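Subject: Handover of a structure and the findings from it

Dear colleague,

Please find below the structure that I am handing over to you. The findings follow directly after it.

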Amino acid sequence: MNDHEKIRELLALSVADALTPAEEEQVMNHARSCAECSSELDSWRLLAAGLRRLPTPQPRPLIVERARARAELRFAEEAEHRWHRIVMVGVILFAWALTLASWPVVRLVSGGLLGMLDPRLNHAWLGFAVFTTIIWMTGGAAAVFLSLQQRRERRLA
Amino acid sequence: MIGSAAIHWEGRVGLDSELAQLRRGDLDALSALLARYQNRLYRYLLRLVRDPSEAEDLFQQTWVRVAEKIRQFDTKRNFEAWLFTVARNIAFDHLRRIRPESLDEPIAGAPGESAATRLPSSERPVLDGIVERERTSRLAQALELLPVTHREVLTLRFEEEMKLEEIAEVIDIPLSTVKTRLRRALDRMRQTLEAHYPGEVWQ
């Protein structure tokens, strides 16, 4: 491929401002001395100018308004979900704190704090473990149920 | 030159402030963003799918997705490229689902009335004359006959006036591929014009 052919390959990219400064200079220098490439470059410029001047279609105002309303609704829903997540994390932390705090209280009521230091697996420990497990399983089931219901409502909306 | 740089800087500052407001939950900022990009985004979607009603639907979906994802947007990134990427993903998912063949092939047949030229007459820009108007119309029709990847790169470069780096970011391809695609798209555009309107000054 000679220089002329190489430059011809670059002409289209020149009108798209897609050449490096060095390539652009090469094209311009060649086009000044080559009538064929100069004419070819002009025709590419005509095409590029036409593309730049194509009319801009506009969305109907009703569609823009609908897009705004739907986006705002989604944005509000997202904010609500974020708030729900924060509340959920807060509630879980509170529940854990309450659970842990309730252990010494229960021990205090049922036989003294020192009993907690007893490493043996006794009835009090077992009872308390069952009690905690039931509470947490109920809480987990409620959370799953609420989340499924929310998802169904969102799908229907 | 200084004037246009100042306008660009003002636009950039305005955009940054709208994005910051939106991320803080200000819905007025969403309206401002929508007003800023509505025409460009709709034009891009219309160029991709060619059907105004589909473009309108995708336009709405894009803004819903923006509302969903705006908090995950990295402010160090270019918002415009991000926005067009969101729109592109939605449009290509739609094309893959509805008209998978359109992702590979141009539509067949002679150009008819194009969506790009179906504009309310009052909103058409005043062109220099009948010849110019005719030429513009034929260009729009020829553009619609190109494959979607070529239409896309031409509209991003010549209508949206995006830099090559921005186009690479939107389409998610290397810069060298953008150049190759751009050149092929221009070649194809000229071939299409020559095939449908022989003898006219396209060359």
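A disulfide is a pair of cysteine sulfur atoms within 2.5 Å. By that definition, a search of the whole structure, which is a predicted model, finds zero disulfides over all chains. Cys34(A) is in no disulfide, and the nearest cysteine sulfur, that of Cys37(A), lies 3.7 Å away. Cys34(A) is buried, with a relative accessible area of 13%. Cys37(A) is also counted as buried, at 0% relative accessibility.

The two chains

Chain A contains five helices and zero strands, and its pattern along the sequence reads α-α-α-α-α. Of its 157 residues, 26% count as buried. Among the contacts in chain A with a separation of 6 or more, 51% are made by residues 24 or more positions apart.

Chain B has eight helices and zero strands, in the order α-α-α-α-α-α-α-α. Buried residues make up 50% of its 203 residues. For contacts in chain B with a separation of 6 or more, residues 24 or more positions apart account for 67%.

Helix H3 of chain A

Does the length of this helix agree or disagree with what its residue count predicts? Helix H3 of chain A covers residues 35–52, which is 18 residues. At 1.5 Å a residue it should span 26 Å, and its end C-alpha atoms are 26 Å apart, so the two values agree.

Cys37(A), already mentioned above, is one of the buried residues of H3(A). Which helices do the buried residues of H3(A) pack against? In chain A they pack against helix H1 (3–15) and helix H2 (21–33). In chain B they pack against helix H5 (130–144), helix H6 (148–159) and helix H8 (175–196).

A further point concerns the loop between H1 and H2 of chain A, where Asp17(A) is found. Asp17(A) has a positive phi of about 50°, although it is not a glycine.

Arg68(A) is found in helix H4 of chain A. Is this residue buried or exposed? Since buried means under 20% relative accessible area, Arg68(A), at 18% relative accessibility, counts as buried. Leaving aside residues up to four places away in sequence, Arg68(A) touches Leu30(B), Ser31(B) and Leu34(B).

The second largest pocket

The second largest pocket has a volume of about 340 Å³. Helix H4 (61–110) and helix H5 (123–156) of chain A each supply at least two residues of its lining. The lining residues include Glu78(A), His81(A), His84(A), Arg85(A), Val87(A) and Met88(A). Also in the lining are Ala143(A), Leu146(A), Ser147(A), Gln150(A), Arg151(A) and Arg154(A). By type, the residues of the lining divide into four nonpolar, four polar and four charged.

The buried residues are Leu164(B), Glu166(B), Ile167(B), Ala168(B), Val170(B) and Ile171(B). What covers them includes H2, helix H4 (79–98), H6 and H8 of chain B.

H7(B) is followed by Asp172(B), which sits in the loop between helix H7 (164–171) and H8 of chain B. Asp172(B) has a positive phi of about 65°, although it is not a glycine. At 67% relative accessibility, Asp172(B) counts as exposed.

Ala35(B) has its place in helix H2 of chain B, residues 27–49. Ala35(B) is exposed, with a relative accessible area of 51%. How many residues along the chain, and what distance, separate the C-alpha atoms of Ala35(B) and Asp172(B)? These two residues are 137 residues apart along the chain, and their C-alpha atoms are separated by 26 Å.

With kind regards

Notes. Residues are numbered from 1 along each chain as its sequence is written. Chains are lettered from A and ligands numbered from 1 in the order in which they are written. This is a predicted model: local features need pLDDT of at least 70, side-chain atom pairs count only at pLDDT 80 or more; totals for chains, interfaces and linings use all residues. Side-chain values use heavy atoms; hydrogens and water are left out. On a 1 Å grid over the protein atoms alone, a cavity is a set of points where a 1.4 Å probe fits but cannot get out, and a pocket is an open set with protein on both sides within 12 Å along at least five of seven lines; lining residues have an atom within 4 Å of a point. Grid points are joined across faces, edges and corners, and a volume is the space filled by probe spheres set on the points. Helices (H or I, at least four residues) and strands (E, at least two) are DSSP runs, numbered from the N terminus. Ala, Val, Leu, Ile, Met, Phe, Trp, Tyr, Cys and Pro count as nonpolar, Asp, Glu, Lys and Arg as charged, and the others, Gly among them, as polar. The expected span of a helix is 1.5 Å times one less than its number of residues. Buried means under 20% relative accessible area, exposed over 50%, partly exposed in between (1.4 Å probe, protein chains only). Contact means heavy atoms within 4.5 Å.
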